[in-house]
Amino acid sequence: MVFLRVLIKPFLNFSPVLQAAGLMIIACLFFSLMAGVIRYVSDSGMHIFQVVFLRNVAGILFFLPWFFQAGLGVLKTKRIGAFGLRSLFGFASMLSWFYAVSVLPLADAVALNFTAPIFGTILAIVVLHEVVGIRRGAAMIVGFIGAMIILRPGLTEMSVGSYSAIFSAVTMACSMTMVKLLSRSENTAAMVALNQILIIPMSLIPAIFVWETPTMAQLVAILIIGLLATIGHLCFTKAYTLADASIVMPFDFFRLIFSALIGFIFFMQEPDLFTYIGAAIIFASSIYIAIREARVSNARNNAKEKEILAQIKAETRSGPTK
């Protein structure tokens, strides 16, 4: 897409790893700015149901040039059921995330959102039947402890916003698990576009019951949210295609930095020390999980390559069959 080509252009002379790092940092900035605009729209009086619906409509508007260029045929799929399930998880994650951002300090919401890879590992065990060793299991426990440091149950009152942020991480992990399954046969841009198309009718139903005519300022803000979300997701996806997750994922910590700055500058939010400590612990465990997953994946790929080479050598020695 045009947006992505413009953003990639300054990095073309660098290695794929540096390109991935640059795109990931840009994605983190755009996602953080999006969270700030969501908070602004919510504070202006628009209901979260309506914000979610209009955000997806705005997102599709920015895909229109791509549709005109590639044609609607790119959205054809034989796995509409899997897309529907992915969109359902995506809608639940988006709704709970938008609510969390509207009531929590931005840095707190982002910090709790870092638990998504932990839930993703659990789902990988259950859905994808991956084997998780003691080290990855320990990393998951450490990440959970980090979340408890932020939430401090029993010492501070658990808010609905905190529960919402955790639920968003769980459903995001479910959505990403579906993405892993779909990416084996589906186009990346088509996955992003079709996901938003399917979420529109899902989000319209609750939005109808709270609908109020948006002001011009709110409509402009919604368009900005759609633009930031679309570019952010494209940069995020492209970064993961240029380098391994273990290389790209550490740069996701910039989301916390950017969100804390935006929250402080525009909303006078000052996260406490526990948020930073807990976020660092959660993030460290997530990085370890990503590194372990990358090593396991590489080991499997190397084993498959050796097996194929062994078969070729065996066929060569046996000679052609009559």
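1. Phe-254 and Phe-258 sit four residues apart in helix H13, so about one helical turn separates them. Helices here are DSSP runs of H or I with at least four residues, numbered from the N terminus. The two ring centres are 5.8 Å apart and the planes stand at 35°, so the pair is tilted. Rings of Phe, Tyr and Trp (its six-membered ring) pair if their centres lie within 6.5 Å; planes under 30 degrees apart are stacked, over 60 edge-to-face, and the rest tilted. Phe-254 is partly exposed at 29% relative accessibility, whereas Phe-258 is buried at 18%. The cut-offs are under 20% relative accessible area for buried, over 50% for exposed, and partly exposed in between (1.4 Å probe, protein chains only).

2. A note on the source. This is a predicted model, in which local features need pLDDT of at least 70 and side-chain atom pairs count only at pLDDT 80 or more, while totals for chains, interfaces and linings use all residues. Residues are numbered from 1 along each chain as its sequence is written, and side-chain values use heavy atoms, with hydrogens and water left out.

3. The whole structure holds three aromatic pairs. One of them joins Phe-53 and Trp-211: centres 6.1 Å apart, planes at 70°, so edge-to-face. Phe-53 belongs to helix H3 (residues 48-61) and Trp-211 to the loop between helix H10 (188-209) and H11, so the pair ties together parts 158 residues apart in sequence. Phe-53 is buried at 11% relative accessible area. Trp-211 is partly exposed at 40%.

4. Helix H5 (residues 80-103) packs on helix H6 (residues 106-113) at about 145°, with axes 7 Å apart. Axes are lines fitted to C-alpha atoms, for helices over the stretch in contact; angles run from 0 to 180 degrees between N-to-C directions. H5 contributes Trp-97, Ala-100 and Val-101, and H6 contributes Leu-106, Ala-109, Val-110 and Asn-113. Contact means heavy atoms within 4.5 Å. The H5 and H6 contact has six nonpolar, one polar and no charged residues. Nonpolar covers Ala, Val, Leu, Ile, Met, Phe, Trp, Tyr, Cys and Pro; charged covers Asp, Glu, Lys and Arg; the others, Gly among them, are polar.

5. H6 also packs against helix H13 (residues 254-267), at about 160° and with axes 8 Å apart. That makes H6 roughly antiparallel to H13. Angles under 35 degrees are roughly parallel, over 145 roughly antiparallel, 65 to 115 roughly perpendicular, and the rest oblique. Leu-106, Ala-107, Val-110, Ala-111 and Asn-113 of H6 meet H13 residues including Arg-255, Leu-256 and Phe-267. This contact of H6 with H13 has eight nonpolar, three polar and one charged residues.

6. Helix H7 (residues 116-126) and helix H9 (residues 160-182) cross at roughly 50°, their axes coming within 8 Å. H7 is therefore oblique to H9. Phe-119 and Leu-123 are among the H7 residues in the contact, and Ile-166 and Met-172 among those of H9. The contact of H7 with H9 divides into nine nonpolar, two polar and no charged residues.

7. Arg-39, in helix H2 (residues 16-43), deserves a look. Arg-39 counts as buried at 14% relative accessibility. Leaving out residues up to four places away in sequence, Arg-39 touches Val-101, Ser-102, Val-103, Leu-104, Pro-105, Leu-106, Phe-267 and Gln-269.

8. Check the backbone at Met-268. Met-268 is not a glycine, yet has a positive phi of about 55°. Met-268 lies in the loop between H13 and helix H14 (273-318) and is exposed, at 64% relative accessible area.

Terms used. Helices (H or I, at least four residues) and strands (E, at least two) are DSSP runs, numbered from the N terminus.
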